[in-house]
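Subject: Structure handover and notes

Dear colleague,

Please find the structure below, followed by my notes on what came out of it. I would be glad if you read the two side by side.

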Amino acid sequence: MSRTVEITVLSAENLQMNKKPIRGNAFVTVQSDASNDTSATTVDSEGGSYPSWNEKLVMDVPLHARFITVEVKCKTSSAGSNSIGVARIPVSDFVGGYVPENQLHFLSYRLWDGKVRRNGVVNISVRVKVAQQQQQQQHSCNSNSMSLSSAVTGVPVAGNGSTGVVTGIPAIWLNYQRN
């Protein structure tokens, strides 16, 4: 099983090769740690060390994947490419937590070169596409819970007439006798 992830590669900043700004021909590859499928952007030949792509890459990421690897490369004249920097993005940065799955996340990550030195930043946006059936279930659950929560009037929390609802974990008070 897998989830569909839309990764928009926006731009990169301060890209260097041998401590000198690159002149252009940068592109990005994206791959998950649990899959051999690789997606790539087109080559930006004009941006120099500050390229921009604004390209959407759609990929299926297995449910057991832990990282997505984003690698910025520079095309060479000999039909090859040199790696400029790599960022490993934890899937937990955009899946789970308190944000809905279809929420758009704007993320920036430090790139590290082959000698484990800082080498620029890559800017991306990520959205986990939710199946239509799941969206309908979420919507129906949200509408039911909203009607229930609107029926709750609240408990006075402070002596100032506030009607906020108190939430928390119930505690059991045990009265221990000292000997």
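A salt bridge is taken here as a side-chain nitrogen of Lys or Arg within 4 Å of a carboxyl oxygen of Asp or Glu, and for charge Lys and Arg count as positive and Asp and Glu as negative, with His and the chain ends not counted. Buried means under 20% relative accessible area, exposed means over 50%, and partly exposed lies in between, with a 1.4 Å probe and protein chains only.

This is a predicted model, in which local features need pLDDT of at least 70 and side-chain atom pairs count only at pLDDT 80 or more, while totals for chains, interfaces and linings use all residues. Residues are numbered from 1 along each chain as its sequence is written, and side-chain values use heavy atoms, with hydrogens and water left out.

Strands and pairing

Strands are DSSP runs of E with at least two residues, numbered from the N terminus, and two strands pair if DSSP finds at least two bridges between them. Strand β10, residues 118-129, is largely enclosed by the rest of the structure, because nine of its 12 residues are buried. It runs antiparallel to strand β1 (residues 2-13), to which nine bridges join it, and within that pairing T8 has S125 as its bridge partner. Strand β9 (residues 105-112) also pairs with β10 in the antiparallel sense, over seven bridges, with L107 partnered by I124. β9 and β10 form a hairpin with five residues between them.

Two residues with positive phi

V116, in the loop between β9 and β10, has a positive phi of about 55° although it is not a glycine, and at 64% relative accessibility V116 counts as exposed. N54 likewise has a positive phi, near 50°, without being glycine; N54 is found in strand β6 and is exposed, with a relative accessible area of 57%.

The nonpolar core

A nonpolar core is a set of buried Ala, Val, Leu, Ile, Met, Phe, Trp, Tyr and Cys residues joined through side-chain atoms within 4.5 Å. The largest such core has 31 residues, of which I7, L15, V30, I68, V72, F94 and V122 touch the most other members. At least two residues of this core come from each of β1, β4 (26-32), β6 (52-62), β7 (67-75), β8 (81-90), β9 and β10. Contact means heavy atoms within 4.5 Å, and, not counting residues up to four places away in sequence, V72 touches a set of residues that includes L15, F27, W53, I84, L111 and V122. I7 lies in strand β1 and counts as buried at 2% relative accessibility; leaving aside neighbours within four places in sequence, the contacts of I7 include V30, E55, L57, M59, I68 and I124.

A buried charge

Which side chain of opposite charge is nearest to E55, a residue that is buried yet has no salt bridge? It is K56, 12 Å away. E55 is placed in strand β6 and, leaving aside neighbours within four places in sequence, is in contact with I7, T8, V9, T41 and T42. The C-alpha atoms of I7 and E55 are separated by 8.2 Å, although the two residues are 48 residues apart along the chain.

Salt bridges

Side chains of opposite charge can pair when their charged atoms come close. By the rule given above, the count comes to four salt bridges. In one of them the side chains of E6 and K56 meet at 3.8 Å, N to O; E6 lies in strand β1 and K56 in strand β6, so the pair ties together parts that are 50 residues apart in sequence. E6 is buried, with a relative accessible area of 13%, whereas K56 counts as exposed at 53% relative accessibility. E6, K56 and K129 are linked in a network of salt bridges.

R66 forms a salt bridge with D33, the closest N and O atoms being 3.8 Å apart. This pair links distant parts of the chain, with R66 in the loop between β6 and β7 and D33 in the loop between β4 and β5 (38-40), 33 residues apart. R66 counts as exposed at 57% relative accessibility, and D33 is partly exposed at 36%. The side chains of R117 and D113 also meet in a salt bridge, at 3.2 Å from N to O; R117 is partly exposed, with a relative accessible area of 34%, and D113 is buried at 17%.

With best regards

Methods
Helices (H or I, at least four residues) and strands (E, at least two) are DSSP runs, numbered from the N terminus.
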